[in-house]
Amino acid sequence: MAENAIHAFGRYLKALRVRRGFSLNEVCSRSEPFAERISKGYLSRCENGFQRLALTKAIPLSRIYEVSADALVERMELDLEVDRIGGPETAGKTLQELRVLSQQAINGGYTWHAYAYCRDALAVVGAELLDEFRDFEEQQLVTTQNCATTAMRLGRYRFALHEVNHVYSHEGLNPQRIPEILERVSSCYLRLKELNRALEFADQAILAAKSNPKHTHLGHAYSNRGNVDLALGDGASAAVHFEKAHEAHKAAGRENDMARALQNLGQAYVLLGRLKAARRVIGVAERRLRAMEQRKTLALGRILLGEIELIESHPSRAVDLWREAAEIAKQLNDKTLQFKAEFQLFKYSVAVGDAAASRALARRLRRLSSWVATDASELDEFRRVATSLARSAS
């Protein structure tokens, strides 16, 4: 199994202390002004997985380690949820094996498993230096970044933001990775609704990506800026940046990312009311995705097309598209994607008053909800509608 929550969180507490360069005695001394003083023995037991950190102790530690209490709590939540769901087997696996398994889990929609793989990779990060890294320091930083990225996918943005900021501020960071880190910082601020900060770091990511002769991360930086534009309600600017993302991915030869940029462009066109243009670019994306057999991204396009069909008063076509997306998700065993598709079906069944379908879909969505990021707009809306339905039925 994956490392249990007490050990995993304890290892993180130790990492925070080591980052600050404090001994156990120094932490104990620095905690003296707080109402909840922390003893050397207590902290040692927590770090070594023999005792769970009390929430009252999280406040002084957050001040001493200069990490927000929210970030600490989010990290604790992540580890406890892995225990609840049942984490994947990580014991005895090498760093490279855990990296591969994490990517496979992300591709399959098992984001909680991906988090467990990335988190437990930090326990073996110093065992063997992989060829792609200059030294163990860079390997540690990138592994930390990967853990933060999976936390972002699960909606724990305070924890993720603290970790990516740590990576960004580290002198050992490879300059070629700076655009990606800036994009991650921007994305965290975007999800935290701090749109001015999100915009600031999005522009920094674009500039940093342009300064790299190979423009390795430029397409992703433009896409992130487009997402910020969408949050700001600026469909015109979003369209411009998604078009630039498409061109950058094309220059880099990334066909799957090209198709995803076109789908994002379709979202911008929907916001602008340009439904024909949205259909056109999504159609181009679908042809490319079918040729590459990229079924997950294809399903996301089906969901967006369904929304367009419903706007244009073609509900039966919309339902067919959402059902097709849900079936693809089931075949891929992608629970997050299945939730997104079946949520659209749920909303429609509620709108037309189909009580039997609504109840059946609500049961399935509740089972799938553990795999969905806690801040997902679909999740909040589902819980709100499902609660309203339950009240009206009682």
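**Reading cores, helix packing and ring pairs**

Modeller: Phe-339 and Phe-343 are both buried. Keep in mind that this is a predicted model.

Biologist: Which kind of aromatic pair do Phe-339 and Phe-343 form?

Modeller: Take the general idea to begin with. A pair of aromatic rings is described by the distance of the centres and the angle of the planes. A search of the whole structure finds five such aromatic pairs. One of them joins Phe-339 and Phe-343, with 6.3 Å from centre to centre and 5° between the planes, and is stacked.

Biologist: How are the rings of Phe-346 and Phe-382 arranged?

Modeller: Their centres are 5.3 Å apart and their planes stand at 75°. Planes over 60 degrees apart count as edge-to-face, so the pair of Phe-346 and Phe-382 is edge-to-face.

Biologist: Which parts does the pair of Phe-346 and Phe-382 tie together?

Modeller: Phe-346 belongs to helix H18, and Phe-382 to helix H20, residues 377-393. The pair therefore links parts that are 36 residues apart in sequence.

Biologist: Is Phe-346 buried or exposed, and what about Phe-382?

Modeller: The cut-off for buried is under 20% relative accessible area. Phe-346 has 0%, so it counts as buried. Phe-382 has 3% and is buried too.

Biologist: Now the helices. How do H13 and H14 pack?

Modeller: Two packed helices are described by the angle between their axes and the distance between the axes. Here H13 (residues 235-252) and H14 (residues 255-271) pack at about 170°, with axes 8 Å apart. Angles over 145 degrees count as roughly antiparallel, so H13 and H14 are roughly antiparallel to each other.

Biologist: Which residues make the contact?

Modeller: From H13 they include Ala-238, Phe-242 and His-246. From H14 they include Met-258, Ala-261 and Leu-265. By class, the contact of H13 with H14 has 11 nonpolar, four polar and three charged residues.

Biologist: Last topic, the core. Which residues have the most contacts inside the largest nonpolar core?

Modeller: In soluble globular proteins, nonpolar side chains tend to be buried together. The largest nonpolar core here has 75 residues, and Leu-53, Leu-61, Tyr-65 and Leu-72 have the most contacts inside it. Apart from that core lies another, of 24 residues, including Ala-299 and Ala-325.

Biologist: What does Leu-53 touch?

Modeller: Leaving out residues up to four places away in sequence, Leu-53 touches Phe-9, Leu-13, Tyr-42, Cys-46, Ala-58, Leu-61 and Met-76.

Methods. Residues numbered from 1 in each chain as written. Predicted model: local features only at pLDDT ≥ 70, side-chain atom pairs only at ≥ 80, totals over all residues. Heavy atoms only, no water. Core = buried A, V, L, I, M, F, W, Y, C linked by side-chain atoms within 4.5 Å. Buried < 20%, exposed > 50% of the residue type's maximum accessible area, 1.4 Å probe, protein only. Contact = heavy atoms within 4.5 Å. Axes fitted to C-alpha atoms, helices over the stretch in contact; angles between N-to-C directions. Helix = DSSP H or I, 4+ residues; strand = E, 2+ residues; numbered from the N terminus. Parallel < 35°, antiparallel > 145°, perpendicular 65-115°, else oblique. Nonpolar A, V, L, I, M, F, W, Y, C, P; charged D, E, K, R; others polar. Phe/Tyr/Trp six-rings, centres within 6.5 Å; stacked < 30°, edge-to-face > 60°.
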